Amino acid sequence: MATRSAQADVDIAARLFHGLSDRTRLSILRALLEGERPVREIVDVVGSSQSNVSNHLACLRECGLVVDRPGERRQVFYAIAHPAVVDLLRASERLLADSGHKVELCENPMMGGA
């Protein structure tokens, strides 16, 4: 069995965090913290167009972060795929509570600051 290198693991983790850095995808995941939701509810919570939300949901599904299931009348319901995703989002909330002010004021261009 082949093992990945430590660098490959870091590269994959960087892609994961890059994907989570998108506001719409992060908003979708936060909306799903409350449990399974149909697409129309996610659209309302996120405040974006249905096509935009659907594209981001497809990305999250392909990456294995959310799962979907068909509902009645062509509705599709989405939920967080793994408890680890919930743990990650909750940990980020705690980290922001501890250091969010510093992140907000960070002017380093590498962090998306001014």
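I began with H56, which I located in helix α4; the model I am reading is a predicted one.

Next I turned to the pairing of α3 with α4. Helix α3 covers residues 39–46 and helix α4 covers residues 50–62, and I noted that they pack at an angle of about 110° with their axes 10 Å apart. The two helices are therefore roughly perpendicular to each other, since angles of 65 to 115 degrees are classed that way. On the α3 side I recorded V39, I42, V43 and V46 in the contact, and on the α4 side Q50, V53, S54 and L57. Sorting the residues of this contact by type, I found six nonpolar, two polar and no charged.

I then looked up α2 against α3. Helix α2 runs over residues 23–32, and its axis and that of α3 come within 10 Å while crossing at roughly 120°, which makes α2 oblique to α3. I noted the crossing of α2 and α3 as right-handed. From α2 the contact takes in T24, S27, I28, A31 and L32, and from α3 it takes in I42, V45 and V46.

Terms used:
Residues are numbered from 1 along each chain as its sequence is written. This is a predicted model: local features need pLDDT of at least 70, side-chain atom pairs count only at pLDDT 80 or more; totals for chains, interfaces and linings use all residues. Side-chain values use heavy atoms; hydrogens and water are left out. Axes are lines fitted to C-alpha atoms, for helices over the stretch in contact, and angles run from 0 to 180 degrees between N-to-C directions. Helices (H or I, at least four residues) and strands (E, at least two) are DSSP runs, numbered from the N terminus. Angles under 35 degrees count as roughly parallel, over 145 as roughly antiparallel, 65 to 115 as roughly perpendicular and the rest as oblique. Contact means heavy atoms within 4.5 Å. Ala, Val, Leu, Ile, Met, Phe, Trp, Tyr, Cys and Pro count as nonpolar, Asp, Glu, Lys and Arg as charged, and the others, Gly among them, as polar. A crossing is left-handed if the near helix is turned anticlockwise from the far one by less than a right angle, and right-handed if clockwise.
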